[in-house]
Amino acid sequence: MNSAIVAPVLQVLQTVQELDEAVRSYVTSDWQGEELLQHWQAIRDASLTLLSPDSDPLKVPGEDSY
C-alpha cells in the first residue's frame, strides 16, 4: 500500500496578467488548509519575482487586485 502524499502542481506565474488572474481566483475561491496556503505562496513568489529593480519596493505587482 502506497501512502505517499501527492501535492497539487501549481502553475508558475510568469506575467503580471497571470498574477492578477491568480489573485482574482484566490479571492473568489473556497480553498482551505494546505491548498489555500499553496496558492498564496505561488502568488507571493510570483509577486516577488516580478518586482523590478526600478519599481517602488513597497508596491507589489498584482497589488491592485487585492
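I worked on a predicted model, where local features need pLDDT of at least 70 and side-chain atom pairs count only at pLDDT 80 or more, while totals for chains, interfaces and linings use all residues. Residues are numbered from 1 along each chain as its sequence is written, and side-chain values use heavy atoms, with hydrogens and water left out.

**Elements.** I looked up the secondary structure and found two helices and zero strands in the protein chain. Both kinds are DSSP runs numbered from the N terminus (helices H or I, at least four residues; strands E, at least two).

**Helix pair.** I took α1 as residues 16-28 and α2 as residues 33-50; they pack at about 155° with axes 10 Å apart. The axes are lines fitted to C-alpha atoms over the stretch in contact, and angles run from 0 to 180 degrees between N-to-C directions. α1 and α2 are therefore roughly antiparallel (over 145 degrees).

I then listed the contact (heavy atoms within 4.5 Å). From α1 I noted Val16, Leu19, Ala22, Val23 and Tyr26, and from α2 Leu36, His39, Trp40, Ile43, Ala46, Ser47 and Leu50.

**Ile43.** I placed Ile43 in helix α2. Ile43 is buried at 6% relative accessible area (buried is under 20%, exposed over 50%, partly exposed in between, with a 1.4 Å probe and protein chains only). Its C-alpha atom lies 6.9 Å from that of Val23, 20 residues away along the chain.

**Tyr26.** Tyr26 is partly exposed, at 23% relative accessibility. I found one aromatic pair in the structure: the ring centres of Tyr26 and Trp31 are 6.5 Å apart with planes at 55°, so the pair is tilted. Rings of Phe, Tyr and Trp (its six-membered ring) pair with centres within 6.5 Å; planes under 30 degrees apart are stacked, over 60 edge-to-face, and the rest tilted.

**Whole chain.** I recorded 18% of the 66 residues as buried.

Technical notes
Parallel < 35°, antiparallel > 145°, perpendicular 65-115°, else oblique.
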